[in-house]
Amino acid sequence: MAPSVEKSWHFGQFKGDQDMSRAPHALVHTGGMKPLPPTLQVIERGWLSSNHVVFADDDAPTVIDTGYVTEGEGTLRLIGEALKGRRLERIVNTHLHSDHAGGNALLQAEHGCAIWIPPGEAGLVEQWDEERLSYRRTSQLCPRFRHDHVLRLDEAIELGGESWRVLPAAGHDHAMVMFWCERLGVLISADALWQKGFGVIFPELAGIPGFGEQAATLELIGQLAPQVVIPGHGAPFSEEDGAVSAALAAARSRIQWLSEEPRRNADNALKVLLAFKLLEAKRLSLAELARMVAATFEGNEAMRAFYPQEPEAIAAVMAQELERVGAARLEDGVLVAQALA
Ligand SMILES: [Zn+2]
C-alpha cells in the first residue's frame with residue numbers, strides 16, 4: 001500500500017503512485033471536528049463515488065450529491081446513518097455526472113425525496129438523453145431519475161440554517177454549480193477544485209472550449225477566498241493551514257499546463273475513464289477495453305485527432321499503463337483490477 005493515498009483520482013488526475021488497490025471506504029467528517037460547521041456532515045467516499053454533504057437537521061433534510069450506482073447500498077446506509085432516522089427530503093446535485101447523481105434514483109425510491117438539479121440540463125433529464133448527459137461516452141451507468149426543481153445561478157438556497165449562493169462552475173462540466181456560504185466562508189466546490197487538482201475538462205474533448213472557463217472558475221474561487229473547501233472528492237481542506245491557497249495555486253498552474261498542450265487533458269481523460277470502468281467491472285477483456293475507447297471517441301469528436309491508432313492498439317497501451325502503475329494485472333487478455341488479485 002502506498003504511503004500517500006490520493007482518493008480523488010477519478011475524473012481528475014491519474015498518477016502512477018496512486019494506490020488503486022485500496023478497498024472502497026468511507027470517512028465521515030462532522031462539524032465537531034474543526035473546521036467544518038456543525039450543521040453539516042461530509043461523507044467522504046471511496047474511488048467510484050462523490051462525497052455526500054448531509055444537512056441532517058434541516059426542516060427538509062438534504063444531501064448534496066449521491067455517488068455512483070454500484071455503491072448505492074453503501075450510499076443508502078451512510079446517508080441513513082447521517083440522518084439518524086429522519087427521512088431525506090431533498091437531493092441537490094452539483095452536476096449530473098454518474099458519480100454524483102448515480103444514487104439519485106435509489107434514494108428517491110427509498111425516501112420519496114425531491115431532486116434539485118443545476119440549470120441547463122432539465123430537458124436532457126426529462127428525455128433521459130444518455131449521450132448528452134455523458135453516460136454513454138464515458139461508458140458509465142446512471143439509473144434514470146426525475147427531477148422536481150431546477151436551481152438558478154446566483155440564487156440563494158437555505159441549507160443547515162444558512163444561506164448558500166448557487167455559483168457557476170464551468171470547466172469540468174459547463175452545467176456544474178458550486179455552493180458558497182459567505183457567512184461561514186465555506187465553499188462546496190464539486191469537481192472545480194480538489195485539494196489536488198480538479199476534474200477532467202470534458203468539454204474540450206468534444207471540441208468545446210473549457211480551459212478558459214475552468215481558469216475563470218478558479219479566479220472566482222480566489223475572489224471568494226474561502227476558509228474551508230468541501231470538494232466533490234477527497235477530504236475537506238482549510239485555509240487555516242494554507243491548504244486552500246496551495247490548492248488554488250496548484251490548480252492554476254495545472255490549467256495553464258493543460259491548455260498549453262490539450263493532448264494532456266485527453267490522455268488524462270482516457271486513463272481516468274478506463275481506470276474507473278476497471279474498478280467498476282473488476283475485470284475487463286482487451287476487447288471490452290477497445291470498445292470503451294471507441295465509445296469514448298464516438299462521443300468526443302476532438303479526441304480522435306489526438307489518437308490516429310485503432311482503438312485496439314490504444315487499449316493495449318492503456319492496459320500496459322494500468323499494469324505498470326499497479327492498478328491491474330493482465331491475465332490471458334483480461335485485465336483484472338488489482339484489488340481482486
Ligand atoms: Zn464530475
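Domain bounds here come from an automatic or database domain assignment. On that basis the protein has domain 1 (27-260) and domain 2 (264-340). The model is a predicted one. It holds 11 helices and 16 strands. The radius of gyration is 19 Å, close to the 20 Å that the globule rule gives for 341 residues, so the protein is as compact as a globular protein of that length.

**Overall build**
- Along the principal axes, the C-alpha atoms fill a box of roughly 55 × 45 × 40 Å.
- Of the 341 residues, 49% are buried.
- Take the contacts between residues at least 6 apart in sequence: 63% of them join residues at least 24 apart.

- The C-alpha centres of domain 1 and domain 2 are 26 Å apart.
- Domain 1 puts 16 residues into the contact, and domain 2 puts in 20 residues.
- On the domain 1 side, helix 5 (202-205) and helix 7 (243-260) are the elements that give two or more residues.
- That side of domain 1 divides into eight nonpolar, four polar and four charged residues.

- Six strands build an open sheet, ordered 8-9-10-11-12-13.
- The pairing in this sheet is mixed.
- Strand 8 (156-159) and strand 13 (237-238) stand at the edges.
- Each edge strand has a single partner strand, so one side of each is left without a neighbour in the sheet.
- Strand 13 pairs with strand 12 (residues 228-231) in the antiparallel sense, over two bridges.
- Val 229 stands opposite Phe 237, a residue of strand 13.

**The largest nonpolar core**
- This core has 93 residues.
- The residues with the most contacts inside the core are Val 54, Met 178, Leu 193, Leu 274, Leu 278, Leu 289 and Leu 322.
- Helix 8 (residues 263-281) gives the most to the core, with nine residues.

**Around Leu 289**
- Leu 289 is one of the residues with the most contacts inside the core.
- Setting aside residues up to four places away in sequence, Leu 289 touches Leu 274, Leu 284, Ala 315, Met 318, Ala 319 and Leu 335.
- Among these partners, Leu 274 is also listed with the most contacts inside the core.

Note on methods:
Residues numbered from 1 in each chain as written. Predicted model: local features only at pLDDT ≥ 70, side-chain atom pairs only at ≥ 80, totals over all residues. Contact = placed C-beta atoms within 7 Å. Helix = DSSP H or I, 4+ residues; strand = E, 2+ residues; numbered from the N terminus. Nonpolar A, V, L, I, M, F, W, Y, C, P; charged D, E, K, R; others polar. Rg over C-alpha atoms; globule rule 2.2 N^0.38 Å. Buried ≥ 20, exposed ≤ 12 C-beta atoms within 10 Å, placed from the backbone. Pairing = 2+ DSSP bridges. Core = buried A, V, L, I, M, F, W, Y, C linked by C-beta atoms within 7 Å.
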